[in-house]
Amino acid sequence: MDLDFSPAEQGFRAEVRDWLRAHVPGPLPSMDTPEGFAAHRAWEALLADARLSVVSWPEEYGGRGASLIEWLIFEEEYWAAGAPARVTQNGIFLLGPSLMRFGTPEQRRRWLPRMARGDDVWAQAWSEPEAGSDLAALTSRAEPVPGGWRLYGHKTWSSRAAHATHGFGLFRTSGTRHKGLTYFLFPLSDVAVRPIAQLDGLPGFAELHFDGVFTPGSMVLGEVGEGWRVAMATTSSERGLTLRSPGRFLATADRLVALARSSGDPVAADRAARCWIEAEAYRLHTFATARRLMAGEEIGSAASMGKVFWSELDLRMHTLAMELLGDRAGEAGWLDGFLFSLAGPIYAGTNEIQRNIIAERVLRLPR
Amino acid sequence: MDLDFSPAEQGFRAEVRDWLRAHVPGPLPSMDTPEGFAAHRAWEALLADARLSVVSWPEEYGGRGASLIEWLIFEEEYWAAGAPARVTQNGIFLLGPSLMRFGTPEQRRRWLPRMARGDDVWAQAWSEPEAGSDLAALTSRAEPVPGGWRLYGHKTWSSRAAHATHGFGLFRTSGTRHKGLTYFLFPLSDVAVRPIAQLDGLPGFAELHFDGVFTPGSMVLGEVGEGWRVAMATTSSERGLTLRSPGRFLATADRLVALARSSGDPVAADRAARCWIEAEAYRLHTFATARRLMAGEEIGSAASMGKVFWSELDLRMHTLAMELLGDRAGEAGWLDGFLFSLAGPIYAGTNEIQRNIIAERVLRLPR
Amino acid sequence: MNFGFTDEQLALAATVRDVLRAHCPPAALRSERRPAWEQLAGLGFFGLLLPPESDGLGLGLADVLPALEETGRACLPGPVVETAVVAPYLLPDNPKLASGALCVTVLPPGQAYAPDADLADLLLVARDGGWRLVARESARVVPRSGVDPCRPVFEVAFDDSEELGGPAAPALRRAAVATAAQLIGVARELLAVTVAYARVRTQFGAAIGSFQAVKHQLADAAVAVEFAAPLVHRAALSVDRAAGTADRDVSAAKAAAGEAAVLAARVALQAHGAIGYTEELDLRFWLARAWSLSAAYGTTAAHRERVRTAVLDGDLRRWP
Amino acid sequence: MNFGFTDEQLALAATVRDVLRAHCPPAALRSERRPAWEQLAGLGFFGLLLPPESDGLGLGLADVLPALEETGRACLPGPVVETAVVAPYLLPDNPKLASGALCVTVLPPGQAYAPDADLADLLLVARDGGWRLVARESARVVPRSGVDPCRPVFEVAFDDSEELGGPAAPALRRAAVATAAQLIGVARELLAVTVAYARVRTQFGAAIGSFQAVKHQLADAAVAVEFAAPLVHRAALSVDRAAGTADRDVSAAKAAAGEAAVLAARVALQAHGAIGYTEELDLRFWLARAWSLSAAYGTTAAHRERVRTAVLDGDLRRWP
């Protein structure tokens with residue numbers, strides 16, 4: 001057992017740090033505004049030029065084939081440098097891994113490099129009004145037509161969809177519940193997108209209405225009727241390591257300690273210090289998980305422990321910040337993070353469901 | 001709305017305070033030892049001589065007919081004075097109210113005055129090995145014989161039974177679940193009592209084995225087959241106001257603040273101060289509840305809120321004390337209280353059941 | 001010892017509640033800055049705490065607590081606490097207050113911004129332990145980013161001001177108690193709305209309110225509100241009587257009410273899911289109010305610190 | 001970067017585990033003061049951290065962490081950390097340690113009592129920032145009331161003692177990490193026993209482990225243990241490497257492990273009901289161990305305070 005970074009890993013960290021120091025822009029406008037969306041896309045292109053947008057992907061798709069440890073190093077440096085949030089997040093973390101695993105060679109060649117540069121920006125379309133946590137209950141459907149499919153139905157809580165170019169999600173092609181769902185990619189150009197304003201007035205989410213939107217047969221990911229299996233692989237990646245690297249929490253914890261220090265309140269300081277250590281615990285735990293994944297092990301249901309831990313840590317950190325800021329809580333860059341952290345225990349499987357999974361599949365309590 | 005004690009109430013407080021100042025003994029041995037049990041009984045007799053053992057009971061049974069507010073005042077003064085724990089507690093708080101409500105005049109005359117002086121000490125016999133929280137599942141039974149009943153079965157978690165003189169509990173006389181249970185009183189002299197040692201090695205509880213123990217017909221409380229109704233009235237009193245006056249928590253909170261102050265740790269001080277205020281909140285809430293009861297209202301399921309609040313407050317206070325005492329936790333009178341507080345969220349309906357009650361009967365969520 | 005509201009106190013609250021139901025429905029929160037103010041003024045709401053000489057009713061803070069709770073429950077916008085509670089105490093002789101003709105805001109010590117300052121005719125600014133009175137025309141107010149769309153905050157600068165006699169603390173205590181009462185109302189409404197939603201929203205084939213995890217979260221929030229409320233009621237009485245413990249009692253109440261409301265907001269959002277803070281639902285107004293009021297007139301942390309300091313300094317007096 | 005135990009480290013733990021299963025069953029906790037010590041000595045357990053010159057294996061703390069966790073999981077009585085971790089560091093030349101012929105206890109700074117002092121041949125007493133070595137015959141030990149029946153505590157007085165060179169801190173760091181590892185083992189066993197109980201104990205016609213409230217409490221305890229463990233592992237490496245952050249890393253680990261074990265104890269008792277801390281069940285030994293070890297070598301509060309102070313003073317270095 002050791003915790004030593006190799007010389008190559010140390011060199012990679014130095015390269016990333018130097019590049020970020022030279023290139024990270026000042027705060028960009030919110031990515032949920034048209035100008036902010038454009039600015040974030042430009043930033044993604046700059047990252048891609050340095051082959052830093054998807055470091056863990058194969059070189060042919062724009063990455064560096066970086067190891068999991070290198071990816072974690074990249075994330076630490078990225079967030080510590082105060083770099084912008086990733087407008088491509090849903091594509092590169094949710095769809096990307098599924099495309100690599102289930103996509104045809106043609107699909108991979110066609111979509112992955114554009115995704116890596118932010119040329120295409122992908123929105124996920126999982127939830128429906130009556131199927132939030134219970135994905136198997138969804139009712140949107142696809143009907144075969146010559147050359148492809150027509151999509152019908154109503155999706156909601158599609159992050160970034162107000163400005164994104166493409167979407168991905170499950171549609172029913174036959175059967176009930178888990179059976180007969182198919183995983184579709186589709187351009188958003190023909191979909192009726194209704195933005196949903198959040199507390200800050202910006203459309204972080206959108207509703208998607210499909211009224212016979214056409215998507216070609218080449219846009220089916222995996223086999224027809226196998227969408228649940230493909231989606232679960234994606235979802236388990238969403239719930240697992242890849243979406244939630246520790247880097248962002250480490251950076252938040254550092255900022256929180258500075259805020260608590262300036263408050264002079266020892267109790268707030270204690271809460272901040274505790275969060276700071278918990279962010280370290282998440283980092284160390286992730287190193288252990290990375291080792292297991294690199295050794296070919298599966299994490300499986302244990303990933304639910306990580307989801308509960310990081311989402312509640314993130315919420316605790318932002319709640320403390322809001323409390324310390326008092327009536328200045330609308331400023332200083334914490335409000336966005338607070339609103340985002342509120343969604344943490346909800347999305348990608350609510351924490352109630354995660355705790356059921358921990359109890360039933362990790363601890364083996366009866367259903 | 002006011003929070004003013006009347007001159008009579010203030011006079012009562014002064015009388016109680018003066019009497020306690022003059023009579024409260026130093027620490028007695030544990031009531032779970034034979035000598036401690038005797039010492040606690042002697043203290044009860046002294047209290048009874050001053051008509052302070054059951055102030056809220058009618059004068060004919062040894063009380064003063066004190067109002068609920070006066071009883072709360074008595075309890076505040078009692079615990080603030082550091083007076084001994086009440087060895088008669090299960091009798092006077094659990095059985096006493098049921099006897100007054102359901103007992104025949106003869107039963108009341110016969111049992112209540114002796115209970116008030118500690119001449120008889122009563123142990124409760126609710127739980128069975130397979131019926132803890134789920135009282136309706138109990139299987140101990142009573143069979144009619146000339147002149148009375150014979151009791152069969154196995155009860156457990158009977159507090160104080162190792163030294164008590166009498167017991168009370170439910171036995172099945174017919175039917176299943178809630179139906180056909182009868183509420184019996186019985187002398188412990190013929191019951192096989194097996195003490196259960198706790199962590200401190202003392203028998204705070206005992207198992208009771210009934211192998212045809214005879215109890216006369218005069219020892220049935222309420223109607224035969226109506227035991228569930230009688231017990232629920234008792235239980236709702238156990239879960240309600242009478243067992244858990246704020247006085248004990250207020251005294252604990254005062255001691256805790258002193259302990260935290262001496263630690264010099266601001267975070268511990270904050271936790272202690274928070275507990276101190278919560279004890280105040282419980283006191284104020286109890287004044288409001290007393291007003292409703294005195295106006296003839298029922299508290300009903302809302303009592304579950306009190307149970308959750310006081311039991312978790314008590315546990316939090318003792319946990320903090322244990323943490324502050326470090327390796328001296330076995331001393332200074334906190335360990336007993338800690339062990340007792342651990343049982344708080346379990347007995348008289350676990351807090352999980354209480355939260356179900358709050359959700360279903362107070363908030364009206366679906367079952 | 002009669003620790004419950006009188007019929008008169010409850011009747012006042014019921015009247016206010018009826019007015020707010022009629023004139024401050026959730027839809028009004030999306031479009032109006034001061035819905036129902038005219039109707040409340042018509043009831044004499046703004047004169048409740050004023051002395052009879054100024055056309056007021058001369059009531060105590062405890063008398064109006066249930067009515068203030070209703071303003072929280074309705075998420076009533078506008079500087080309610082400032083105009084109806086602080087101003088009557090600091091400007092008891094002002095002839096225009098009782099009719100509701102004056103709108104007042106407050107910039108408390110330790111805070112950066114004043115709520116609704118753009119609407120105010122008068123600004124009360126805490127400075128150097130006392131109060132300064134600033135007329136609207138002497139003040140420059142600049143909007144700042146806040147968390148509550150119905151309680152916008154403003155930076156305030158001014159040249160001319162008038163000094164009011166007396167210390168800042170008594171009026172601040174009243175403001176904190178009134179805000180705590182509003183927080184209790186906010187929390188109760190959050191609970192009620194969430195219970196209603198949990199009864200009808202189904203997932204995995206059952207109402208989510210039938211899942212024990214949802215039940216227990218709501219039960220915990222209900223317990224927090226249930227035991228914060230008597231602290232608020234006591235604080236009002238303790239302020240009205242000028243009890244020696246008033247300062248500590250007020251801080252205990254404000255902290256507990258703020259925490260209960262923030263917990264209720266957390267549970268409400270968790271039960272509703274992401275829809276909870278979007279414009280789809282009205283819930284977001286109550287969430288935002290829980291957050292903004294928990295920081296008003298002293299953050300929860302600041303009030304906790306005051307309680308801690310008092311208790312640690314040996315002030316273990318209990319009132320009553 | 002290979003943050004997982006090696007096959008050798010795990011094999012050592014498996015050997016210890018097998019020995020403890022055979023020679024320290026729960027029944028032994030009721031009757032013996034040092035069950036399995038002889039067998040552990042036979043394995044060379046007490047020489048693991050000693051240098052080869054003293055017949056030891058010269059292992060690092062990280063190497064023996066899984067084995068120490070097993071001693072916690074088995075609730076092994078006796079001064080294990082003192083004899084197997086502290087003594088090898090402070091008395092590396094002592095020829096009798098490796099064979100397990102010497103039993104050692106420790107009186108750390110800030111604590112009143114030494115565990116199992118009546119069994120000890122040597123006492124190591126922290127004083128004035130350093131260590132004093134006290135022979136059994138020079139010491140008077142008086143039993144005191146503790147919380148853990150298998151870890152009795154004693155007040156220690158002595159006349160003669162020998163000063164050991166060097167500061168107290170390095171040995172204390174090792175003791176705290178080793179105790180934290182034991183706490184992780186205690187917590188894991190509490191969880192395992194409680195899960196097993198919740199699968200078979202029925203109430204209201206169902207296994208209590210099928211109720212969501214019980215599930216979620218156990219899940220929370222499992223999460224706490226899962227994320228405390230890597231802090232403990234890191235602390236061992238950071239001590240072995242004498243990293244600049246070692247002090248803070250150790251305190252973070254001890255506090256987290258103590259809190260996880262105390263939470264596991266709380267959840268275990270709540271699921272078991274009142275039977276949990278009676279002599280009916282063995283559970284009480286693990287509950288008591290969680291409480292006693294969480295206070296050993298610095299209480300949770302004391303370690304939290306050290307972390308807080310370091311972080312607030314600007315020490316935000318992360319190791320690695």
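Which residues of chain A does UniProt list for "domain: Acyl-CoA oxidase/dehydrogenase middle"? The unreviewed UniProt entry gives residues 123-213 of chain A. The model is predicted, so local features need pLDDT of at least 70 and side-chain atom pairs count only at pLDDT 80 or more, while totals for chains, interfaces and linings use all residues. Residues are numbered from 1 along each chain as its sequence is written, chains are lettered from A and ligands numbered from 1 in the order written, and side-chain values use heavy atoms, with hydrogens and water left out.

**Annotated region of chain A**

- UniProt positions follow the numbering used here, feature names are shortened, and annotations may be inferred rather than shown by experiment.
- Residues 123-213 of chain A are 0% helix and 53% strand (DSSP runs, numbered from the N terminus: helices are H or I with at least four residues, strands are E with at least two).

**Chain C with chain B**

- The contact (heavy atoms within 4.5 Å) takes 46 residues from chain C and 41 residues from chain B.
- Chain C and chain B bury about 4,400 Å² between them (accessible area, 1.4 Å probe, that two parts lose on being put together, summed over both), and carbon and sulfur atoms give 65% of that area.
- On the chain C side, Met1(C), Phe227(C) and Arg318(C) lose the most area to chain B, together 20% of what that side buries.
- Eight salt bridges cross this interface (a side-chain nitrogen of Lys or Arg within 4 Å of a carboxyl oxygen of Asp or Glu).
- One salt bridge joins the side chains of Asp270(B) and Arg308(C), at 2.9 Å from N to O.
- On the side of chain C that touches chain B, two or more residues each come from helix 6 (169-200), helix 7 (212-240), helix 8 (246-272) and helix 10 (300-312) of chain C.
- Helix 7 of chain C gives the largest share of that side, 15 residues.

**Chain D with chain C**

- Four residues of chain D are in contact with four residues of chain C.
- The area buried between chain D and chain C is about 290 Å², with 51% of it on carbon and sulfur atoms.
- In chain D, Gln212(D), Ala213(D) and His216(D) lose the most area to chain C, together 91% of what that side buries.
- Between chain D and chain C there are zero salt bridges.
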